[in-house]
Amino acid sequence: FITHFDKDHVGGADALLAALPVSAVYESACEKDNKQTRQYREALEDQGLTPIALQENMALEIDGVQYAISVTNLPCTGKNASNDSSLVIRVQHGQTRFLFAGDAENDRLAELLREGGLACDVLKVPHHGSYESLSSAFFQAASPAYAVITSDEEHPEDETVLHILSSLGTTVYLTRLGDVFCLSDGETLEFSQASS
């Protein structure tokens, strides 16, 4: 899944395609031209793969794990168009639920709140832990037991986001402190973090 075409989301996809057997690639329908996207396109061609640019929501099952992919109805133009075009992926593995929210900003969060079905055990926090006016409503709807924020020292997570998640009783992991690992057997979740 290529949630959207910002360099930090499509970058490295070329290396993954070269290193792993991939039978299908799903991507946002809102394309963006940059070096990383061009490298990704070349890797797809090298592997003989044609990506599926999703125009509508879809669901699939792989090895007993259910995936529900949500696409945006927002236009592919404008200030936050790339982030708001993020594919949002709900994963159900047995009794455990994951929500991967890409880089969704306020307009996309509003869409997701209208769509519903956000409750999850594990949330990949949208947009690197940036605060949006709908963040609180979104986090309350998701009500995750665990949250992972992909942040770094140069772009740390917003303290307000940490406060909201903490007030919900969510255990938060920050990738700027080291790689985060989550193991699910379909009933329980086990987290660990490697020191950076």
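1. Basis. The model is predicted, so local features need pLDDT of at least 70 and side-chain atom pairs count only at pLDDT 80 or more, while totals for chains, interfaces and linings use all residues. Residues are numbered from 1 along each chain as its sequence is written, and side-chain values use heavy atoms, with hydrogens and water left out.

2. Largest pocket. Its volume is about 1200 Å³. A pocket here is an open set of points on a 1 Å grid over the protein atoms alone, with protein on both sides within 12 Å along at least five of seven lines; a cavity is a set of points where a 1.4 Å probe fits but cannot get out, and lining residues have an atom within 4 Å of a point. Grid points are joined across faces, edges and corners, and a volume is the space filled by probe spheres set on the points. The lining has 37 residues, and Phe1, Thr3, Leu16, Ile89 and Phe100 lie nearest the centre.

3. Make-up of that lining. At least two residues each come from helix H1 (7-10), H2, and strands S3 (58-62), S5 (88-93), S6 (96-100), S7 (122-124) and S10 (180-184). Helices (H or I, at least four residues) and strands (E, at least two) are DSSP runs numbered from the N terminus. By class the lining holds 26 nonpolar, 9 polar and 2 charged residues. Nonpolar covers Ala, Val, Leu, Ile, Met, Phe, Trp, Tyr, Cys and Pro; charged covers Asp, Glu, Lys and Arg; the others, Gly among them, are polar.

4. Second largest pocket. This one has a volume of about 190 Å³. Of its 14 lining residues, His127, His128, Ser130, Thr150 and His155 are the closest to the centre. The lining divides into 1 nonpolar, 8 polar and 5 charged residues.

5. Leu16. This residue belongs to helix H2 (residues 13-19) and is exposed, with a relative accessible area of 52%. The classes are buried under 20%, exposed over 50% and partly exposed in between (1.4 Å probe, protein chains only). Together with Leu20 and Val22, Leu16 forms a nonpolar surface patch of about 260 Å² accessible area. Patch members have over 30% relative accessible area and no salt bridge, with nonpolar side chains (Val, Leu, Ile, Met, Phe, Trp, Tyr) joined within 5 Å and like charges within 9 Å. A salt bridge is a side-chain nitrogen of Lys or Arg within 4 Å of a carboxyl oxygen of Asp or Glu. Areas come from the Shrake-Rupley method with a 1.4 Å probe, and for residues only the protein chains shown count as cover.

6. Cavity. The count is 1 cavity of 30 Å³ or more, and the largest cavity has a volume of about 40 Å³. Among its lining residues are Ala104, Leu109, His127, Ser130 and Glu132. H6 gives the most to this lining, with 3 residues. By class there are 5 nonpolar, 3 polar and 1 charged.

7. Positive phi. His127, in the loop between S7 and helix H6 (135-142), has a positive phi of about 50 degrees although it is not a glycine. His127 is buried, at 18% relative accessible area. Asp63, in the loop between S3 and strand S4 (65-70), also has a positive phi of about 50 degrees without being a glycine. Asp63 is exposed, at 79% relative accessibility.

8. Ala194. It lies in the segment after strand S11 (189-193) and is partly exposed, at 31% relative accessibility. Its C-alpha atom is 5.2 Å from that of Asp179, 15 residues apart along the chain.
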